[in-house]
Amino acid sequence: MPKHAYKYLIIWGLLVSCASDGFNMALNEDTLEPWTETVVKDIPGKRYGVRWLANDDSDLGERCFDAIGLRARFGVGNTYGASDFDHVYPWNQIRRCNIRCEAGVTIITYDDDPAFKLDGSNGDVFVRIPKCYVEKYREGDYEYRVVSAIGRKPHPAFIENGLELDAIYVSAFEGWMSSDSLLHSVADVIPTSNITAQQFLDAAQRRGPQYSLYDMRTIDLLYTLIAVEFGCRNTGIIFGHGIADYCQPQEKQLNTERNYYSLKMQQQTNSITCQRQWKNLITVGSAVCICQGNQNDILTFARVTNISTYKGLTTYTFDGPPIDITPYCFIGNCGQVTNWTETCSAPHSSYMGRANIMENGFLPRERNPMRYRWMENLVGNLWHFIPDVTLFNQQLYVCDNMAHYQFGCFDGAYTPFGPSLPLNTDNSSLIDKRGINYWISALVDDSEGKGISMGVDYNRTMLSTEGFGAYYYVGTGLCILVNGGGFDHRFRCNMLTTRAWDSPNRRWHLYGARLIFKEI
């Protein structure tokens, strides 16, 4: 990295530290204050809200109504997450569980049961979100989001084909496709990437009509729960950016400074020897991608089992089937293994927090797996394909029935939503500096409650620590959507960062998916 980039990294870190003082947040776990639990009496009819000044990008938000006085702390390393919202609905009924189907019967096992497993032996790992009601509106200078246990109509994530559901289930881990071509949510696997969006959707739907892919309605619900709980609209301030400062395998013509090509030709081997070492980016236990010739020709995704150096050469040994290595092969990062939050070198094991992998010269908020109420990597690691929204000629088209989800569709079950969106096809800079990046300054009007949290405008004078902290991407023609940011996307990884750029046949080692399950 160029020396001047560190200057901006340091400035950005100071800005984050200052901006997060009001939200019990910190860059280092040593500065987290001791937690004193607040006694909260949950009464049906209470309304827990967050609000922010709609035309003030410097305002990150504040709790309102019955959320005033409540606190939440996102954990770091050995310091556990904690929240007064653990005592109020719906947060107090968000639970981790296994789901499996036997003879057409759904069996749900919660994590306080000894039979609960992370490895898939008792079913996939999901998180249950109970039915709740969300209000979105603007009043005066403020924009509001309010969560309650009762209301006129539940959040649209809980309505499927006209049926009102008591709960939805979101996969705890990013999706992994097994040899049976089904999409799963289990621990200790490299999440699947580099297949098309429709292949992911097919792999979910083959599980049965109760399964589909994580969608915009679910994102909107989770974002609202997070924003209200922490009294902040910027998820980068709340929990950082996840696994966001790693590097793709680089071709020579893309970046000669970061190319790590093989120096040896080997047949059926589990090692690759390079002239230079990925400093702290490839470690024992981390997952890597090995390509040949170009990024689209991927030989393997594997975990590093050993790293050795000799006379300036570095040899990476990896698991999995042996492959043929030629001088055209090169190595880089890929999506890291599921449950890495709990198994990496500086893990975090509570329901809400991030690991604390510290590396000299880099900010830990961009180098750590995270989880919110057991849901890992809602931002960072892999982008997630979103099936219920399509962009065509800068117009959004939305489907509200997961039985009709289809990538690249903009008619039939997909109907127009919102205004024509302004264009931005610029990926811009990895330096958080005013005047060069495209930050979301406003969201589409969703007062009718469709469950859409999508940028409608951008501001280039902002920083990632201001406003929503989400990046604005809108392409031309027919585009499908991915959400959250990938492992090299730095401070742009955010719950509201949605890239509407790619064609339906796009596949990439940065694009993955995750599951949802609904009892319909």
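Arg 217, at 2% relative accessibility, counts as buried, a label used for residues under 20% relative accessible area, with exposed kept for those over 50% and partly exposed for those in between (1.4 Å probe, protein chains only). Asp 215 is buried too, with a relative accessible area of 0%. The side chains of Asp 215 and Arg 217 meet in a salt bridge, at 3.8 Å from N to O. A salt bridge here is a side-chain nitrogen of Lys or Arg within 4 Å of a carboxyl oxygen of Asp or Glu.

A word on the ground rules. The model is predicted, with local features needing pLDDT of at least 70 and side-chain atom pairs counting only at pLDDT 80 or more, while totals for chains, interfaces and linings use all residues. Residues are numbered from 1 along each chain as its sequence is written, and side-chain values use heavy atoms, leaving out hydrogens and water.

In total, the structure holds 23 salt bridges. One of them joins the side chains of Arg 490 and Glu 366, at 2.4 Å from N to O. That pair ties together distant parts of the chain, 124 residues apart: Arg 490 sits in the loop between β33 (478–483) and β34 (498–502), and Glu 366 in the loop between β24 (353–354) and β25 (370–372). Strands such as these are DSSP runs (E, at least two residues), as helices are (H or I, at least four), numbered from the N terminus. Both partners are tucked away: Arg 490 is buried, at 5% relative accessible area, and Glu 366 is buried, at 1%.

Asp 112 is exposed, with a relative accessible area of 60%, whereas Arg 95 is partly exposed at 31%. Elsewhere, salt bridges link Lys 136, Arg 145, Asp 220 and Asp 446 in a network.

Then there is Arg 514, found in the loop between β35 (511–512) and β36 (515–517). Arg 514 is buried yet has no salt bridge, and the nearest side chain of opposite charge, Glu 174, is 5.1 Å away. For charge, Lys and Arg count as positive and Asp and Glu as negative, with His and the chain ends not counted. What the side chain of Arg 514 does reach is the backbone oxygen of Ala 172, at 3.3 Å.

A cavity is a set of points on a 1 Å grid over the protein atoms alone where a 1.4 Å probe fits but cannot get out, and lining residues have an atom within 4 Å of a point. The lining includes Ile 440, Met 454 and Leu 496, and strand β32 (residues 472–474) gives the largest share, 3 residues. By class, the lining has 7 nonpolar, 2 polar and no charged residues, where Ala, Val, Leu, Ile, Met, Phe, Trp, Tyr, Cys and Pro count as nonpolar, Asp, Glu, Lys and Arg as charged, and the others, Gly among them, as polar.

Terms used: On a 1 Å grid over the protein atoms alone, a cavity is a set of points where a 1.4 Å probe fits but cannot get out, and a pocket is an open set with protein on both sides within 12 Å along at least five of seven lines; lining residues have an atom within 4 Å of a point. A polar contact is a pair of N or O atoms within 3.5 Å; within protein, one must be able to donate a hydrogen and the other to accept it, and residues adjacent in sequence count only if both atoms are side-chain atoms.
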